[in-house]
Amino acid sequence: MSGSDPTSRPVLEVRDARKRFGAVTALDGVSLVVEGGEVLALLGDNGAGKSTLIKAISGVHHLDSGTVTLDGVDLTGANAMTVRANGIETVYQDLALFDNLDPAANFYAGRELAGPAWLPPPLRFLRHGQMAQRTRELLDRLQVSLPDLDAPVALMSGGQRQAVAVARAVAFSTRVVILDEPTAALGLRESGRVIELVRRLKDDGVAVILISHSMDQVQAVADRALVLRRGRAVGEAVPTAENHELLVSWIVGASAGAAG
Amino acid sequence: MKQPGGATVAVVEVENEATATAGGEPTAAAPAASHHVLTLSLRVMQLGPAMILVTLVVVLSLLSDVFLSFENAGNVMKQSAVVCVLALGQLLVILTRGIDLSVGSNLSLSGVVGAIVWRDHRSAAAAILATLATGCVVGMVNGLLYVKGRLPHPFIPTLAMLTAASGLALYLSHAQTIQGAPPVVNTLGAGRLGWIPGAGPIGWFPVATLVVVGVAAVVVLITRGLVWGRWVYAVGGNPEAAVRNGIPVPSVLISVYALSGLMAGVAALLTMGKGNAASPTSGSLAELDAIAAVIIGGASFLGGRGRVINALTGALVIAVLRNGLNLLGIDPNWQYMATGAVIVLAVELDVLRGHVEGRVRSLQAVAAQ
Ligand SMILES: Nc1ncnc2c1ncn2[C@@H]1O[C@H](COP(=O)(O)OP(=O)(O)OP(=O)(O)O)[C@@H](O)[C@H]1O
Ligand SMILES: [Mg+2]
């Protein structure tokens, strides 16, 4: 597998990733490459290993074997904080929001704006106003409207929560954004907004990995689609209407045209 | 968008359903109105413990003519000070989904250590430092056992510590009360501020209450003002997400138990000062009052939710209830039953609040469609 354009360098590269959970082999030698400004769709049935793969990239899971590199720098086995510090942002399928905190606190969780700098990080004073202000600006820019910016996100609808999570990733990413089923809880309009955000990230040169079960979205926004089945990459194609049948057959495992 | 495929159609159907329910209401204003009522009742319920305290005070003032006096208020405040301080520590622990069962024994042990130092060295500073350090170290051991020992739940290390610390307190004191305390500690635990008007030259306002207010102010500052406090709430709200966001969860947990232990040390000073002595059982069962105060104060055992002011209110509820029933000459055994009833009542109120929150959320979801 290599990028379609020989001049562009891969931003993120996963090689021969393997991961077992007890008796379950979640990843069985998966490799992938994403370039800047490219949207890679990750397709596959439930349990195919998509979330496991992206968690291995984002530092939540550690691979049994295989490598993860960002701009040629080895990130294999790095923890979630290091990965984020390198500009890879992830929106997890299970969201990973803090229900008891408001959107601004969620945005800045683990990287609070605080000072003075000579104090050790935990003892710095929170800059509440600054964090609230920047959060508001960002949400406005992304055209996300929330009823109450001071309310804990537990009180928000599924779509609003999703919007907070996606906006957080968009705000802090510099190299790669990984979105695990970001539109699963969203209505048509909100889904469209998320897809619009993905396009904007792409225009900014950010590499995007999008996991989705919606072929329409994948066709609308992705440059390539990689299909996983039972922990293996079984095929890759440009998601066009013509390739629809082919991709679906890979996903469900109908034998035709399956490639290692 | 391109051709609508299966998934898109499903989304459209969901949207239609939502619109249908909204449209099914008799008037368009109805959902908004019920939304307002719900939000309002939510606000009232968020007063939770304050509501209970005010109700108690009103009822007791009507039933007893001595209840509402400066002297009695001073007594209640003095009696509640130890539980208030312990509750502040317990709150931090409960915010992280934990529990500290050892604070009562820790109080006894810290007091005994401080009293021995005072007896043998006559240095107030050394005695105070020894008391606070003992409390803090015991708490830190709790945290280390829980985090580094990978014990499944803080119930276990703190239960073990409850037994161990009380054993150590009895051993060190030869199961005897150790008489005497530094004068400054006596002032903290038993002193009254004569210059606050209301009740003669001796005064009614306990110095211990100043200690409570001071400690509470510090706890508010560190939980609301510092990054550390934000991390405490984050760890309680979603520990896994806290790890993913790079928050040093183990250190946060250890620090929280260490602070709870430090509070036990402060409470030991107040107890020692009040009685001018340290008994190896002076803190027995105090952990239960501290936990009850935090729970009455509406903090969630599920973590991430709870406020300093409410925990203090919870401690006052317990103290006012005991004091009131005492004044009314009611059998002390009833006091325990009444405290039990108040705990259940407070949590029921909280459960109801949870329901209302859920309703508000689903109404907002419909409104957002
Ligand atoms: N933490 C875990 N412990 C044990 N097994 C796990 C764990 N995480 C995933 N698995 C298993 O690994 C396999 C792959 O799961 P994964 O979550 O990666 O699937 P997925 O492709 O994201 O599916 P979906 O579309 O349902 O989200 C499944 O069989 C799952 O049960
Ligand atoms: Mg998944």
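Which N or O atom lies 3.4 Å from an oxygen atom of ligand 1? An atom in the side chain of Glu181(A) does. Welcome to a short tour of this predicted model, in which local features need pLDDT of at least 70, side-chain atom pairs count only at pLDDT 80 or more, and totals for chains, interfaces and linings use all residues. Residues are numbered from 1 along each chain as its sequence is written, chains are lettered from A and ligands numbered from 1 in the order in which they are written, and side-chain values use heavy atoms, with hydrogens and water left out.

**Around ligand 1**

- Let us begin with the polar contacts, which are pairs of N or O atoms within 3.5 Å; within protein, one atom must be able to donate a hydrogen and the other to accept it, and residues adjacent in sequence count only if both atoms are side-chain atoms.
- Thr52(A) places a polar side-chain atom 2.6 Å from an oxygen atom of ligand 1, while Ala48(A) has a backbone N or O atom 3.1 Å from an oxygen atom of the ligand.
- The protein covers 64% of the 630 Å² of accessible area that ligand 1 has on its own (Shrake-Rupley method with a 1.4 Å probe; for residues, only the protein chains shown count as cover).
- The shell holds 14 residues, the closest being Asn46(A), Gly47(A), Lys50(A), Ser51(A) and Thr52(A); a residue belongs here if one of its heavy atoms lies within 4 Å of the ligand.
- By class, the shell has four nonpolar, seven polar and three charged residues, where Ala, Val, Leu, Ile, Met, Phe, Trp, Tyr, Cys and Pro count as nonpolar, Asp, Glu, Lys and Arg as charged, and the others, Gly among them, as polar.
- Helix H1(A) gives the most to this shell, with three residues; helices (H or I, at least four residues) and strands (E, at least two) are DSSP runs, numbered from the N terminus.

**Nonpolar cores**

- The largest nonpolar core has 159 residues, and Leu12(A), Leu32(A), Leu53(A), Ile88(A), Ile209(A) and Leu86(B) touch the most other members; such a core is a set of buried Ala, Val, Leu, Ile, Met, Phe, Trp, Tyr and Cys residues joined through side-chain atoms within 4.5 Å.
- Helix H4 (residues 70-95) of chain B supplies the largest share of this core, 14 residues.
- A second, separate core has 19 residues, including Val112(B), Ile116(B), Val117(B) and Ala181(B).

**Glu89(A)**

- Glu89(A) lies in strand E6 (residues 88-91) of chain A and counts as buried because its relative accessibility is 3% (buried is under 20% relative accessible area, exposed over 50%, partly exposed in between, with a 1.4 Å probe and protein chains only).
- Its side chain makes a polar contact of 2.9 Å with the side chain of Arg111(A).

**Chain B**

- Chain B contains 15 helices and four strands, and buried residues make up 51% of its 369 residues.
- Pro49(B), in helix H3 (residues 48-63), is buried because its relative accessibility is 4%.
- Leaving aside neighbours within four places in sequence, Pro49(B) is in contact with Ile296(B), Gly297(B), Asn310(B), Thr313(B) and Val317(B).
- Leu327(B), in helix H14 (residues 308-327), is partly exposed because its relative accessibility is 34%.

Methods. Contact = heavy atoms within 4.5 Å.
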